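Please look over the structure below before reading the report that follows it.

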Amino acid sequence: MNITTDKTALNKLGVQTNIPLAQYTWFGTGGPARFFTQPTTVAAYAKSLDFAHKQKLDIFVLGQGANILISDSGFDGIVIRPQVSVIKIVSDEPEYSLVQAGAGTVFADLITYCLEHDLTGPEEFIGIPGTVGGSVFINIHYYDFLLSQFLVKAEVIERATGKIIKVDFDWFNFGYNQSRLFDRQHYLVSATFRFAKTTKLQTAFNKGRSVEIFRHRTKRFPYKRTCGSFFRNFAKDELTNASLPNPCIYVAFYLDNIGAKGTLSVGNAGVSYQHANMIVAEPGSTSQDIVQLARLMQQKVIDRFNLIPRTECLMVGFDKYPLLQP
Ligand SMILES: Cc1cc2nc3c(=O)[nH]c(=O)nc-3n(C[C@H](O)[C@H](O)[C@H](O)COP(=O)(O)OP(=O)(O)OC[C@H]3O[C@@H](n4cnc5c(N)ncnc54)[C@H](O)[C@@H]3O)c2cc1C
């Protein structure tokens, strides 16, 4: 019997079929996953990868869906949404603690845990939605802070073998919007961060500061039905053919300049009136609306500046990359 059509065998593995994914993404768009599972233990995580491997299925590991656009036709493989979310202090030193968090931990819970234990660091990223897995994947950033500044080691699961491997900071090859997890040969199981100890008084200050960072963010950016920045900033070497003197790296500068903010829209998806690099998908939007809008934004920047904005948002389930490419 073919296990992929045997409901009892799939149930035993905790695998569901034909699950709509829109409910699991911040855009709220996209079609179904052919197979879907939410492993709550590391063993179940490994089993779901083994199932995918044996059945030769494409794999997509999903966090909170805060940085992805899923195609309207969905994902013709297995979506694994790890729920391994234990947070614990694994080493307690005079100046700092090492805190381990499972890949499925909601990043906001890690911040709360650290504030409760008089530790500082993760609150710099308050208001950035996502899991620890998705955050390590892209190395989340806010102003001067990158998550890689705090990560010391991790456990990853190898796609081909299902083996759990202990890796250190260097293994990740972190950069801006970059980590070795992009090779999709390994998936995060847990990450261990080094966070500095603080006094109760400093913690009180950090709590106040994080409320203020959150307020500052949500006043300036949309917080619902978006993936945050849709395009990434340019690397310096991508600006050599720009048709203006002294081009800057900030993609929002160019999008502002073409008048995208609050004006460009396709179907029910529009560019936020608050930020030129954020697309908001109002209810009723499709992923195709978002794709068409993003292509329009790209074309306008190409026409005026001879530069092609490239996506920070990750495209999932498309037959081919749906936007314009250099
Ligand atoms: C309102 C808003 C504001 C934002 N602001 C910022 C910001 O200021 N700075 C910033 O850096 N980002 C920002 N983002 C983007 C987003 O929050 C981050 O990229 C976040 O880390 C995504 O995490 P996630 O769990 O939702 O990942 P998902 O969107 O679910 O997935 C993103 C990628 O991570 C991979 N992934 C997820 N879990 C794992 C795992 N366990 N192992 C391996 N790979 C995994 C997925 O396969 C996918 O490729 C913002 C997004 C929104 C909606």
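## The shell around the ligand

How many nonpolar, polar and charged residues does the shell around the ligand have? By class, this shell has 20 nonpolar, twelve polar and no charged residues, where Ala, Val, Leu, Ile, Met, Phe, Trp, Tyr, Cys and Pro count as nonpolar, Asp, Glu, Lys and Arg as charged, and the others, Gly among them, as polar.

There are 32 residues around the ligand, and G63, G130, G133, G134 and G228 come nearest; a residue is near a molecule if its C-beta atom, placed from the backbone, lies within 6 Å of it.

## Where the shell comes from

The largest share of the shell, five residues, comes from α4, while β3 (59–61), α4 (132–138), β9 (141–142) and β13 (186–197) each supply at least two residues. Because domain 1 (3–80) and domain 2 (87–220) both give residues to this shell, the ligand lies between them; the domain bounds come from an automatic or database domain assignment.

## About the model

This is a predicted model, in which local features need pLDDT of at least 70 and side-chain atom pairs count only at pLDDT 80 or more, whereas totals for chains, interfaces and linings use all residues. Residues are numbered from 1 along each chain as its sequence is written.

## The whole chain

The protein chain has seven helices and 17 strands, which are DSSP runs (H or I, at least four residues, for helices; E, at least two, for strands) numbered from the N terminus. Along its principal axes, the C-alpha trace spans about 60 × 50 × 35 Å.
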